[in-house]
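Let's go through this model together and ask what stands behind each label.

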Amino acid sequence: MTLNGKHVFLGVTGGIAAYKCVELLRLFKKAGADVVVAMTRAATRFVGPATFEVLSENPVLLDLWEGSGSGVAHIEVASKSDLAVIAPATANFIGKLAHGIADDALTTTMLAMTCPVLICPSMNTDMYQNIRVQKNLDLLEESGIHILDPDSGVLACKTAGAGRLPEPWFIFDRACALFYKKDLKGKTILVSAGPTVEAIDPVRFLSNHSSGKMGYAIAGAAEKRGARVILVSGPVSLDAPVGVERVSVESCDQMYDAMLGSLGQADIIIKVAAVGDFKPVSVQAHKIKKNGEQDQGHMTLELTQNKDILKAIGLKKRTNQYLVGFAAETRDLETYAKGKMEKKHLDMIAANIVGKSGSGFKADTNKVKLFTRDGLVTDLPLMSKEKVAHAILDAVVQAIS
Ligand code: CTP
């Protein structure tokens, strides 16, 4: 995600995990955010403020009595912030914020903060589970502050349990999620992505070039917008987006079963997967030999048509379910896309030309044209698959609201 023009406030308190926040800062900077770091005195015992100052390219807020001379730096920082993340957040900081105590630069700034706040507790398990800490976390949550549960594992104090600060990429992902409107809250979205794989024999298969990037971008975007997401995926080399329930499949038949099995739970179905249209009539139990029963130098593979998953969903879906299909074409985009929308009973189809640079299977960008049953046509420009994903979801939200 790009954070160009966004102001992020990063509060670091005195926990051993403070070192992880150097990487967290780098992730925000890499995404284009302007970051101001505030540290408690205890935090400076773990990581020197100079590290944060150099990497953030901003002075570190340490003391209310130092700095600009105007005496209101903390108010300026708070009013400018679009997002505040506190990592690691100690029991002491959590207690102070929960009760409105402002006795240093960080807690004072936080009381003036009106933007979304993400707090990442990190401490010894017994401290974390202490009823007073838990009650303070509840108080913060009730006041609209977001709490990121700590990971479990071996802690710096050599005990094992809940209390580890999650990895920087995970905190970054959850923090970025706060920038999105939750216009899909309460909805379940069923997405299919990636290629299908049809076995020929134990070592060979038929498949296609789909990387899964477009479907995964839609699944991740929908989760960030508040949806519950079930992602039925063919074999790809991508990690499942955070918070998404992934069901891994290989063949068209397996994808059919997984999609139809979850169909009843879905409000919106988006079928991005590149499903193989044909599969071998039979799968050989043993590796086919080059000089076997086939004629020398030739081999014929008999194929049979796969089920059309999207068409089956189109026939079964309830009237209150919204169905989106994809059409990968090499020519006559509009004619073929509209034909597929009719034939498969879709509410919307996202059509793209494959084989052009910057668009299609393996690229990080895509050029998509959206057609709806109501006759609406949206010609999206070439853009990142993440942006295309949000544009498709915007169109779906508009159609169902
Ligand atoms: N699709 C499907 N099951 C299939 C084939 C396709 O569910 N057996 C879905 C795809 O996931 C996509 C849409 O149908 O959402 C269109 O896929 P595409 O490959 O463009 O079209 P086909 O229906 O396979 O038609 P053709 O190969 O003739 O272009």
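Q: Which residue in E19 is the bridge partner of methionine 348?
A: Threonine 372 is the bridge partner of methionine 348 in E19. A word on the ground rules: this is a predicted model, in which local features need pLDDT of at least 70, side-chain atom pairs count only at pLDDT 80 or more, and totals for chains, interfaces and linings use all residues. Residues are numbered from 1 along each chain as its sequence is written, and side-chain values use heavy atoms, with hydrogens and water left out.

Q: What makes strand E17 and E19 a pair?
A: Two strands pair if DSSP finds at least two bridges between them; strands (E, at least two residues) and helices (H or I, at least four) are DSSP runs numbered from the N terminus. Strand E17 (residues 348-353) and E19 are joined by 5 bridges and run antiparallel, so they meet that definition.

Q: How many bridges join E19 to strand E20?
A: There are 3 bridges between E19 and strand E20 (residues 377-379), and the two run antiparallel, so this also counts as a pair under the rule of at least two bridges. Phenylalanine 371 stands opposite valine 377 in E20. The hairpin of E19 and E20 has 4 residues between the strands, and glycine 375 there takes a positive phi near 95°.

Q: Why is strand E19 described as mostly covered?
A: Buried means under 20% relative accessible area, exposed means over 50%, and partly exposed lies in between (1.4 Å probe, protein chains only). In strand E19 (residues 368-372), 4 of its 5 residues are buried.

Q: What makes E3 largely enclosed by the rest of the structure?
A: In E3, 7 of the 7 residues are buried, so the strand is largely enclosed. Proline 88 lies in this strand, and a cis peptide bond with omega of about -10° joins alanine 87 to proline 88.

Q: Which strands does the open sheet of 5 strands contain, and in what order?
A: The order is E2-E1-E3-E4-E5, with parallel pairing. Strand E2 (34-39) and strand E5 (146-147) are at the edges because each has a single partner strand, which leaves one side of each without a neighbour in the sheet.

Q: How do you know that strand E1 and strand E3 pair?
A: Strand E1 (residues 7-12) and strand E3 (residues 83-89) share 4 bridges in the parallel sense. Leucine 10 stands opposite valine 85 in E3, while glycine 11 has isoleucine 86 as its bridge partner there. Isoleucine 86 in turn has isoleucine 119 as its bridge partner in E4.

Q: Why is valine 37 called buried?
A: Valine 37 has a relative accessible area of 0%, so it falls in the buried class. This residue lies in strand E2, and its C-alpha atom is 5.8 Å from that of glycine 11, 26 residues apart along the chain.

Q: What makes aspartate 332 and histidine 345 partly exposed?
A: Aspartate 332 has 44% relative accessibility and histidine 345 has 35%, so both lie in the class between buried and exposed. Aspartate 332 is in the loop between E16 and helix H12 (333-343), with a positive phi near 45°. Histidine 345 is in the loop between H12 and E17, with a positive phi near 55°.
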